[in-house]
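I opened the notebook to log a handful of look-ups in one structure.

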Amino acid sequence: MGSSSSRLILLRRTTTSRWLSTATATVNKDREESLYSKLLALGEADANVADTLNQWVKDGKDLKRYNAISCINQLRKFGKYNHAIQLYEWLDKNKNNLNNSDRAIWIDLLAKTKGVASAEDYFNSLKETAKTMRTYGALLKCYCREHTLDKAMNLFEKMKEMSFASTSLNYNNLMSLHMKLGQPEKVPLLAQEMKEKDISFDIYTYNQLMNAYAAVNDIDAVERVVEEMEVKKFQRDWFTDGNLATIYVNTGLINKANAIIQKLEAMDNLNDREAFHTLIYLYMRTSNLTGVYRSWESLKLAFSKISNTSYLIMLSALSKLGDEEGLEKLFKEWESECSFYDVRVANVVLQSFLDRNKIKEALLLSETVVKRGAVPNLKTYDLFMTYHLKNHRMDLALNYLDLAASKLHPEKSQNWFPTRESVNAFVKYFKEEKDKEGAVKFGITMKKMGRVDYKLEEITGGTR
């Protein structure tokens, strides 16, 4: 979380989430939550949403469209995209009229679950009357998310010809794409085009523009963007101030950062968890442990229930600031209160134990993870692998590498594992110790993951 290259804009959901969400009427919450709970309980691999919905109707329970759409929004919120798209398919099959917002969401879900090609096929299958600003915009967002610049730009040009590109949302998506591709210089050009076409900036536009100037170390330009917001009486929210403070921290302007952080903390009616997460993060970045704890207490006052994500962020901050006593105390508090044992939270403490060579405590915690019903993830195995690698316990390091390889998901981008540092450490050891047997085992596992390092051939004589 402390990566200086990461902007706080990544803490917020993408600019399209607000456009791709469907407004729902006030509904019977008990009924809605009951159906949602049933859908959420379905596993990923064996999820059959249609059977659940058919049984729901067969049992004599109503399933209004707005109930279904509300469930879809909840499922999307928690990343259950496969469930959400099955629900849409059921609605469509049962002759529920889908509107343009629904089709836009469907395009987004298809891209996330089956790939952009499926989203394109669905878009192309739509009647011309259904190819609207929303559905075009949804497809553009898919291209931007997948970093397909040529397709994004071609579609955007077509949208401009059809007068479908006249919203800040489409420009924001392209700005985000250019930032991801390391082209921050393109962002001010898009902003200038918006001004020429009298397209109003929104909060995301301003933040993207700030980040673009920050990426080329033009802090004066960043501050001019802030001044423009003030001149236009554009209401700066916690997100913008958090982003600005992060830019100042990343460029070493700590006094300016502290002034913004204090302003952020003093804001009235902070009712977003992410605002408190941002404060904790910023105080951690400025090595202010007192500020971290003060923000944590404020979060607890604002919300009756503290989420796993909040604990994760707070524990990460304590770990980075070296507050080992506070870390372990807060972790015990979380363990005693959590309804769902989140392995990500445990991993923070696990890393702290391993960094301090407390291997016994780390192993006990890993056992607790399993006993509490959680499943060790890729990060868990990476932590143990790295620990044993540093201590030259190669048999154990290779065992954890193999366990981690079994966790790799073919449809997810997990090329970070193993890290370049870990690969180099393995290779260095095998070379120095002339451990050809270990090198071969390493090579087999790497090949299984689709990762073959050229250095490996040097120490195995070309053995794969």
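At what angle do α20 and α21 pack, and how far apart are their axes? I read an angle of about 160° and an axis separation of 12 Å. Angles over 145° count as roughly antiparallel, so α20 is roughly antiparallel to α21. I also noted the hand of the α20 and α21 crossing, which is left-handed. Next I listed who makes the contact. From α20 come I359, A362, L363 and S366. From α21 come F384, Y387 and H388. I keep in mind that this is a predicted model.

I went through the backbone next. Most residues other than glycine have a negative phi, and most peptide bonds are trans. I looked for exceptions.

N357 is one: its phi is positive, about 60°, and it is not a glycine. I placed N357 in the loop between α19 (343-355) and α20 (359-371). Is N357 buried or exposed? Its relative accessibility is 52%, so I log N357 as exposed.

H392 also has a positive phi, about 55°, without being a glycine. H392 sits in the loop between α21 (378-390) and α22.

Then I checked the peptide bonds. The one joining F417 and P418 is cis, with omega about -15°. P418 belongs to the loop between α22 (394-405) and α23 (420-433).

**Rings**

How many aromatic pairs does a search of the whole structure find? I got 20. I picked out one of them, F276 with F303. This pair is edge-to-face, with 6.2 Å from centre to centre and 90° between the planes. F276 lies in helix α15 (residues 273-285), while F303 lies in the loop between α16 (289-302) and α17 (308-320). The pair therefore ties together parts that are 27 residues apart in sequence. I logged both F276 and F303 as buried.

R273 lies over its face, 4.2 Å from the ring centre. I found another charge over a ring at F201, where the charged end of K232 sits 5.9 Å from the ring centre.

I also noted a cluster. Ring pairs link F426, Y429, F430 and F442.

I looked up V345 in helix α19. Its relative accessibility is 0%, so V345 counts as buried. Which residues does V345 contact, leaving aside neighbours within four places in sequence? I listed N308, L312, L315, F331 and W334. I also took a C-alpha distance, from V345 to M314.

My last stop was P184, in the loop between α9 (168-180) and α10 (186-196). Why do I call P184 buried? Its relative accessibility is 12%, and under 20% counts as buried. Not counting residues up to four places away in sequence, P184 touches H178, M179, A212, A215 and V216. From P184 to L209 I read 8.6 Å, C-alpha to C-alpha. The two are separated by 25 residues in sequence.

Terms used:
Residues are numbered from 1 along each chain as its sequence is written. This is a predicted model: local features need pLDDT of at least 70, side-chain atom pairs count only at pLDDT 80 or more; totals for chains, interfaces and linings use all residues. Side-chain values use heavy atoms; hydrogens and water are left out. Helices (H or I, at least four residues) and strands (E, at least two) are DSSP runs, numbered from the N terminus. Buried means under 20% relative accessible area, exposed over 50%, partly exposed in between (1.4 Å probe, protein chains only). Rings of Phe, Tyr and Trp (its six-membered ring) pair if their centres lie within 6.5 Å; planes under 30 degrees apart count as stacked, over 60 as edge-to-face and the rest as tilted. A charge sits over a ring if NZ of Lys or CZ of Arg is within 6 Å of the ring centre and within 35 degrees of the ring normal. Axes are lines fitted to C-alpha atoms, for helices over the stretch in contact, and angles run from 0 to 180 degrees between N-to-C directions. Angles under 35 degrees count as roughly parallel, over 145 as roughly antiparallel, 65 to 115 as roughly perpendicular and the rest as oblique. A crossing is left-handed if the near helix is turned anticlockwise from the far one by less than a right angle, and right-handed if clockwise. Contact means heavy atoms within 4.5 Å.
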